Amino acid sequence: MSTKEELLKELSDCVLDMEDEDAAGIAQRYLDAGYDAYDGIFSGLVDGMNRAAALYEQEEYFVPELLICSDAMYNGLDVLRPHVDRSKMKQKCKVAIGVVQGDTHDIGKNLVKIMLEASGYEMVDLGRDVPNEKFVEAVTAQGAKAIALSTLMSTSMVNMGEIVKKLEAQGVRDEVKVIVGGGPISRGFADRIGADGYSTTAVEAVSLLDGMMGYSA
Amino acid sequence: MSKDEMTPAERGAAIAQGKDADRLPCNPNIANGVARIYGCKISEFNHDPKAIAKSQMAAYERFGSDSLRVFTDLFTWAEAMGAKVNFPDDDTADLEEPAIHDVNEIDKLRPADPHKDGRLPVHLEAMKYLKEYSAGIMGCSAGVVGPFTNTFFLCGVDQTLKLTHKNPDAIRRLCEISLETCEAYVEAAMEIGLAPTISEPMSSCTVVSPKVFRELSLPYLKELVDFIHAHGFNPVVHICGQTNRIWKDVADLGIAGWSIDNVASITECKRLVGDTTKIMGNVDPGSIMFSGTPQDVRLKTLEAMREGYDNPSGYVVMSGCSLPVETPFENIDAMMDVVREVGYPVTEEKIDELLAKYRDAE
């Protein structure tokens with residue numbers, strides 16, 4: 001019989017060590033031993049993802065490693081999530097993320113999604129080549145409190161400004177934070193279109209949004 | 001009316017021979033933005049070889065830039081091997097679906113025939129026109145993606161990223177077959193008289209580790225470079241993003257130039273490989289060339305020149321990567337004009353003088 005600490009470490013390590021095929025099994029053993037699902041997520045899986053992100057920032061991990069770590073995290077989440085005591089949930093707000101219309105490059109978007117998810121945001125992934133209306137719907141119909149827009153293509157950047165305008169036209173601009181990122185995007189561009197924030201990396205996006213949403217320590 | 005005293009060919013030859021020249025060579029790296037200059041839609045490049053060649057010439061005539069290259073997007077070779085590509089009316093082509101979805105389909109893949117498959121024949125035709133139009137002005141180049149990058153479009157980007165860990169042998173097999181396609185294509189290009197340039201974006205340290213690069217990309221990149229050398233040409237290699245940890249590996253292939261992106265440091269690159277390798281770069285294509293003002297462009301171009309001008313193996317002023325399609329013409333003019341203003345030979349004093357002048361103007 002493993003202690004809770006041992007199993008949490010196993011969960012964390014299996015994410016860090018890219019053992020995506022073992023994650024669900026460890027999560028199940030953790031549950032079977034009667035330990036709390038919420039702790040398993042945040043002190044186990046997410047802890048491992050944060051350690052992976054640190055290695056990424058130190059240029060020891062790269063994109064493939066982060067993707068496999070996140071597969072492990074998601075495999076574990078699938079097992080633990082249904083068992084979380086909702087009243088205990090200190091989940092952060094809902095964030096809709098997507099690559100704007102006209103562009104399908106989504107490596108960057110996926111990394112931002114992983115990092116925000118690992119930090120406790122409830123992510124709605126709208127995918128890539130997403131029509132402007134979908135982002136607005138995510139706010140009006142799905143209750144997203146923030147939207148994260150990505151593109152690598154200069155020709156698609158115009159859609160980011162259009163989305164901000166649509167939010168204004170719908171009268172919901174004040175209810176939502178808009179953050180933008182991607183190759184041709186700059187802080188100046190973000191300011192010009194009236195976005196609330198811009199970050200250059202996926203890890204930075206977490207502290208950016210935490211600051212805006214009031215989650216910063 | 002040309003603003004320059006020399007053609008790019010004369011300039012290149014003079015600098016190579018240590019003679020006087022009018023200015024450093026400068027390649028803003030306009031990419032498919034050339035369609036905006038020539039006045040056609042980008043989708044015309046998919047079937048009209050003359051549009052490709054004439055757009056390249058239009059960019060040269062408009063800006064005096066030191067590069068003519070046949071290259072429209074990264075997916076041309078994978079498409080010729082079975083990948084599906086999406087062709088917007090007036091934007092750069094994009095991967096819609098990889099050629100295969102599972103590694104057990106690798107055996108179904110065949111190397112492309114550059115004279116038959118996909119848009120490769122259109123590109124070869126464009127090379128013949130471009131060669132004809134540019135006679136006496138400058139040598140032209142033929143862009144190709146490296147074998148490792150091509151595998152991502154054969155097998156899907158996310159899956160291939162994971163295969164670098166899960167099944168490196170599958171990557172090797174995909175690289176082998178991609179290499180055959182690359183070699184057949186550059187051989188046809190060299191027969192027409194164009195010098196290959198290799199783009200290997202997925203080898204970037206921003207994407208994969210130097211270890212993955214060395215094991216799964218470098219051996220095939222080396223074969224491609226050796227193949228090009230054996231045909232009497234020497235390629236420039238461009239890799240996007242950060243590349244500091246693989247500069248030496250690529251420089252050791254004996255290439256004609258290392259084209260580095262804006263997040264990489266020219267100063268560091270010069271220190272590490274400048275004795276053997278020409279450096280090209282690295283004004284930020286997004287936040288400066290596309291989004292900045294002409295003033296920003298002048299300052300950043302001068303700063304890049306200050307770092308690169310004394311590289312022992314030579315330096316070409318360039319953007320860090322292909323320019324966004326909608327980059328303002330006035331910014332491209334600003335880059336070219338400030339290189340003209342520095343003139344030749346380049347000295348630190350001259351650059352500092354101009355930096356002071358333009359900083360004061362802010």
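**Exercise 1.** In this predicted model, find which residues of α3(A) and α4(A) meet each other.

*Solution.* Start on the α3(A) side: A37(A), G40(A), I41(A), L45(A), G48(A), M49(A), A52(A) and Y56(A) are the ones to pick out. Now hop over to α4(A), where their partners are E65(A), L66(A), C69(A), S70(A), M73(A), G76(A), L77(A) and L80(A). Sort the residues of this contact by class and you get 11 nonpolar, four polar and one charged.

**Exercise 2.** Work out how α3(A) and α4(A) are oriented relative to each other.

*Solution.* First, locate the helices: α3 covers residues 37-57 of chain A, and α4 covers residues 63-80 of chain A. Next, look at the geometry: they pack at an angle of about 175 degrees, and their axes are 10 Å apart. Last, apply the cut-off: angles over 145 degrees count as roughly antiparallel, so α3(A) is roughly antiparallel to α4(A).

**Exercise 3.** Chain A is split into domains by a domain assignment. Describe where domain 1 of chain A touches domain 2 of chain A.

*Solution.* Begin with the bounds: the assignment puts domain 1 at 4-88 and domain 2 at 94-213. Taken over C-alpha atoms, the centres of these two domains of chain A are separated by 26 Å. Then count the contacts: nine residues of domain 1 touch six residues of domain 2. On the domain 1 side, the elements giving two or more residues are α3 and α4 of chain A. Of these, α3(A) supplies the largest share, five residues. Finally, check the classes on that side of domain 1: six nonpolar, two polar and one charged.

Definitions and conventions
Residues are numbered from 1 along each chain as its sequence is written. Chains are lettered from A and ligands numbered from 1 in the order in which they are written. This is a predicted model: local features need pLDDT of at least 70, side-chain atom pairs count only at pLDDT 80 or more; totals for chains, interfaces and linings use all residues. Axes are lines fitted to C-alpha atoms, for helices over the stretch in contact, and angles run from 0 to 180 degrees between N-to-C directions. Helices (H or I, at least four residues) and strands (E, at least two) are DSSP runs, numbered from the N terminus. Angles under 35 degrees count as roughly parallel, over 145 as roughly antiparallel, 65 to 115 as roughly perpendicular and the rest as oblique. Two residues are in contact if their C-beta atoms, placed from the backbone, lie within 7 Å. Ala, Val, Leu, Ile, Met, Phe, Trp, Tyr, Cys and Pro count as nonpolar, Asp, Glu, Lys and Arg as charged, and the others, Gly among them, as polar. Domain bounds come from an automatic or database domain assignment.
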